[in-house]
Amino acid sequence: MLELHAPLLLNGIHNFVKESDLASRCLRVNLNAMKEGTRRPEVELKAELDAAMPEIFGALLTLASQALAESPCIQSTLAEPRPRHFETNFIMKPLL
């Protein structure tokens with residue numbers, strides 16, 4: 001299970017992730033170019049997405065419940081979470 005605190009989507013044509021620290025936290029997805037004549041109007045795509053949304057949402061809820069059921073069985077291989085002490089220094093501090 002992935003625990004995402006502040007996910008960030010980076011989009012670009014060139015490989016601009018050079019720093020190893022950032023690269024170690026990235027999930028790269030390379031997509032092929034669309035073939036000529038395969039583009040569809042945005043209105044058509046939105047209608048298709050709207051029709052599929054209940055099924056997609058249900059699948060995400062099922063996946064989340066399965067991941068939560070497995071979470072007590074997961075052991076971290078890291079000596080310390082990264083960034084170091086982030087949870088105790090920022091997340092757990094009361095707001096003043």
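Ile56 sits in helix α2, which covers residues 42-70. Helices here are DSSP runs of H or I with at least four residues, strands are runs of E with at least two, and both are numbered from the N terminus. The structure is a predicted model, in which local features need pLDDT of at least 70 and side-chain atom pairs count only at pLDDT 80 or more, while totals for chains, interfaces and linings use all residues. Residues are numbered from 1 along each chain as its sequence is written, and side-chain values use heavy atoms, with hydrogens and water left out.

**Overall make-up**

- The protein has three helices and zero strands, and its elements run α-α-α from the N terminus on.
- Of its 96 residues, 0% count as buried; buried means under 20% relative accessible area, exposed means over 50%, and partly exposed lies in between (1.4 Å probe, protein chains only).
- The accessible surface comes to about 9,900 Å², and 62% of this belongs to carbon and sulfur atoms. Such areas come from the Shrake-Rupley method with a 1.4 Å probe, and for residues only the protein chains shown count as cover.

**The nonpolar patch**

- Leu49, Met53, Ile56, Leu60 and Leu63 make a nonpolar surface patch of about 450 Å².
- Patches are made of residues with over 30% relative accessible area and no salt bridge; nonpolar side chains (Val, Leu, Ile, Met, Phe, Trp, Tyr) are joined within 5 Å, and like charges within 9 Å.
- Ile56 has a relative accessible area of 36%, so this residue counts as partly exposed.

**Salt bridges**

- Side chains of opposite charge can pair when their charged atoms come close.
- Three salt bridges are found in the whole structure, each being a side-chain nitrogen of Lys or Arg within 4 Å of a carboxyl oxygen of Asp or Glu.
- Arg40 pairs with Glu44 at 2.7 Å, N to O, and also with Glu48 at 2.2 Å, N to O.
- Lys46 forms a salt bridge with Asp50, with the closest N and O atoms 3.3 Å apart.
- Both Lys46 and Asp50 lie in helix α2, four residues apart, or about one turn of the helix.
- Asp50 is partly exposed, at a relative accessible area of 43%.

**Confidence**

- The mean pLDDT of the protein is 78, and 73% of its residues reach 70 or more; pLDDT is the predictor's confidence in each residue, from 0 to 100.
- Among the elements, α2 has the highest mean pLDDT (94), and helix α3 (residues 86-91) has the lowest (50).
- Over residues 90-96, pLDDT stays under 50. For these residues the model has four contacts beyond four places in sequence, a contact being heavy atoms within 4.5 Å.
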